[in-house]
Amino acid sequence: MSKTKWGCSLLLSLTLLLGACGNSGDGGGSVSEGSDGEGGSGDGEVTIDVYQFKVEFREQFEELIAQYEEENPDVTINVETVGGGNDYGATLKSKIASGEEPDIFNIGGPQDYEDHKDRIAPIEDSEAVDTALDGTLDAVTIDDQVYGIPYNLEGYGLIYNKQILDEAGINPEELTTMEDLQAATEKLDSMKEELGLDAVYAFPGKERWVYGNHTSSSFLAPEFNNNVMDAFAADTVEFELSEELKTYIDMQAEYSVTPVLSLDYSQQVEALYSMGKVAMIQQGNWAYPSVEQIAPEVAENSGILPIPVDGESKMPVGVPQYWVVNSGADEEVQTAAVEFLDWMYTSDAGKEIVLNEFNFIPAFENYDTSQISDPLSKEIYEYTEEGNTSGWVFLGYPTGFSEDVFGNNVQQYLSDEITWDEAMENSKEYWEENR
Amino acid sequence: MKTKSLMYWIFLAPVLAALLIVVVVPFVWGIYYSLTEWSGDMAQTPVFKGFDNYANLLSDPTFLSSLWFTFKYAIVTVVIINIVGFSLALIVTSYIKSKNILRTIFFMPNLIGGLILGFIWQFIFTNIFNAIGSAMGVEMLQGWLATPATGFWGMVILHVWQMAGYIMIIYIAYLQSIPDELLEAADMDGANYMQKLKNVIAPLVAPAFTVSMFLTLSGSFKIYDQNLSLTGGGPGGSTKMIAMDIVDTAFAMNTMGMAQAKAVVFFIIVAILSLTQVYYNKKKEVEL
């Protein structure tokens, strides 16, 4: 009797244990197959696992892949999309830690390259690399070897509502220095009621990336010769234009819808700018689709002007993310991955989708750029053509600098906990310690 | 006897194995990582650094400020949640008519996930409070979450709202198990309600205090999702709880070793506090 009982319980507990193990084993196996198991099939069929960050174009990207798979039946591409700065970096890390390394993934710039350099393959024989616009490959070129393919170009600055500026009698093209901008701001502020404005600006104090990445980058670019690699190599940061940066942030905060520190991106772009409650916001062309969805007439009437820095008015244009290929993947997968990326950016079918479906500003030559439809992207592209741009140096900041250090310090400054000088000192100190 | 104890272990084995795999092993690994410098990348080998990380903790301003913030927060929330939860329990165990529906309503916030709660309250604080404040000219209701103080109280309100109903359930269970004759005897002796509460009810629900205090204390220390969605640690990192600081150190700053050191220190603090609290509360309990 006791023997049967014994046996039963043993069986039961074993089943439980095995059940648990079996499950997890299965799950791991089937997913990771793509990254390390495809060599086995041997008849030229490859599976490419893509892990990418741009949520906005996921659907269109999947359509593009479907089209590619149709043309190349022996290639299967699996995409996984995880959005938003920190999330992507952290999940990529945990994905790699779990042994499911993607074959194609994204990096932002030299710091990301440093973090993942053991698994990033050099890209050779790629048409996309050959036709990439000047300067777009700087951030992923190490010792003359290219390691990434740019996504697209993006630019940011002050997005303004043309109609409101017209009514106030302000010509945005004349706002080329900080003094001009200040004068215009005061004028708009004095006419708030006639123009139906809540305030001149909507300064999203809650979104540290807006000033941590973009504003700071505009004012640090001259110091680093507009070159992200210079920023990445710099042991110290001086904030040479600290005074002007302060003026700009003070102005934004003073003439903004309040309370500044709890204002977020969606309030800034959707609730305030799109509804014509503010005249100008600091954002980039990525904000266009949201505005267009809510208020097409405001969107059409939008223009963008660069933040004036040091008396100059240059559009900060950069590459937000790069595609890189995993050097740990099989040879043939790596080749297929580069072929796919080439096809996306250089074949006629791919170009068509990149331009019209993704609504990208292409980072490559040989595009019919007259097809760029939204006015912000168009303006940014014009600045690029004229060569009147400044670099995105924030991609070369030390890890955590932009939001957790500079961003936090500006927030503390805005809530009067520290002075501007202290904020600058803290930021400089962190930079030196972390280089 | 021998088979019996063997049986005992066999039945325990699956749970023990699970516990070992998901708690003990990662815990030990974590302690090891806290002694290294490591970015969290599996391709890199952690470099052994001894107690460097722990030494650096003392000079890390964000760690100290978030630790202090978490302390303040935990004390305030533990007190308020237990007072509110106990009061609610008293209300719904009294003879009011709508007590069943009230129980459901009070408990409901606990069924909503922390992240969503954070976003709901963010909307309430920044939009609704603001609208009411500007319509009625009440300065106090404007600019919530934009200052450290309102961020703090915003977090407290959210957490109390979420947890009070849950704690209420625990108190209800104990309140209902108080024998009626004891309360009647107290009535006969001419005790008023406050005297009954103090001398009969409170000692008998003391075990519930132990459980609730433990749950709320450790819960308040470990809070993360509500923090993330409500304030995101802002403004200026002033409402960053210790859990969030650990996550940021690990995944935004890429210093996994440092983050692990913070986590170990955090674990020790929570363990000491919770155990002390349980020990003292246990002494107050009475047996019937």
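Some conventions to begin. The model is predicted, so local features need pLDDT of at least 70 and side-chain atom pairs pLDDT 80 or more, while totals for chains, interfaces and linings use all residues. Residues are numbered from 1 along each chain as its sequence is written, chains are lettered from A and ligands numbered from 1 in the order written, and side-chain values use heavy atoms, without hydrogens and water.

The interface, then. Its size is often given as the accessible area lost when the parts come together. Here chains B and A bury about 2600 Å² between them, with 59% of it on carbon and sulfur atoms; that is the area lost to a 1.4 Å probe, summed over both parts. Of the area that chain B buries against chain A, 20% comes from B:Ile10, B:Gly236 and B:Met253, more than from any other three residues. With contact taken as heavy atoms within 4.5 Å, 34 residues of chain B and 31 residues of chain A take part.

How many salt bridges are there between chain B and chain A? The count is zero, where a salt bridge needs a side-chain nitrogen of Lys or Arg within 4 Å of a carboxyl oxygen of Asp or Glu. On the chain B side, helix 1 gives the largest share, six residues; helices are DSSP runs of H or I with at least four residues, strands are E runs of at least two, and both are numbered from the N terminus.

Next, the aromatic rings. A search of the whole structure finds 52 aromatic pairs over all chains. Rings of Phe, Tyr and Trp (its six-membered ring) pair with centres within 6.5 Å; planes under 30 degrees apart are stacked, over 60 edge-to-face, the rest tilted. B:Phe71 and B:Phe221 make an edge-to-face pair, because their ring centres are 5.5 Å apart and their planes stand at 90 degrees. This pair joins helix 3 (residues 61-92) to helix 9 (residues 206-222) of chain B, across 150 residues.

Buried means under 20% relative accessible area, exposed over 50%, and partly exposed in between (1.4 Å probe, protein chains only).

Last, chain A. Chain A has 19 helices and 13 strands, and 56% of its 435 residues are buried. Among its contacts between residues at least 6 apart in sequence, 75% join residues at least 24 apart. Ring pairs also link a cluster in chain A, including A:Tyr51, A:Trp323 and A:Phe360.

Technical notes: Buried area is the accessible area (1.4 Å probe) that two parts lose on being put together, summed over both.
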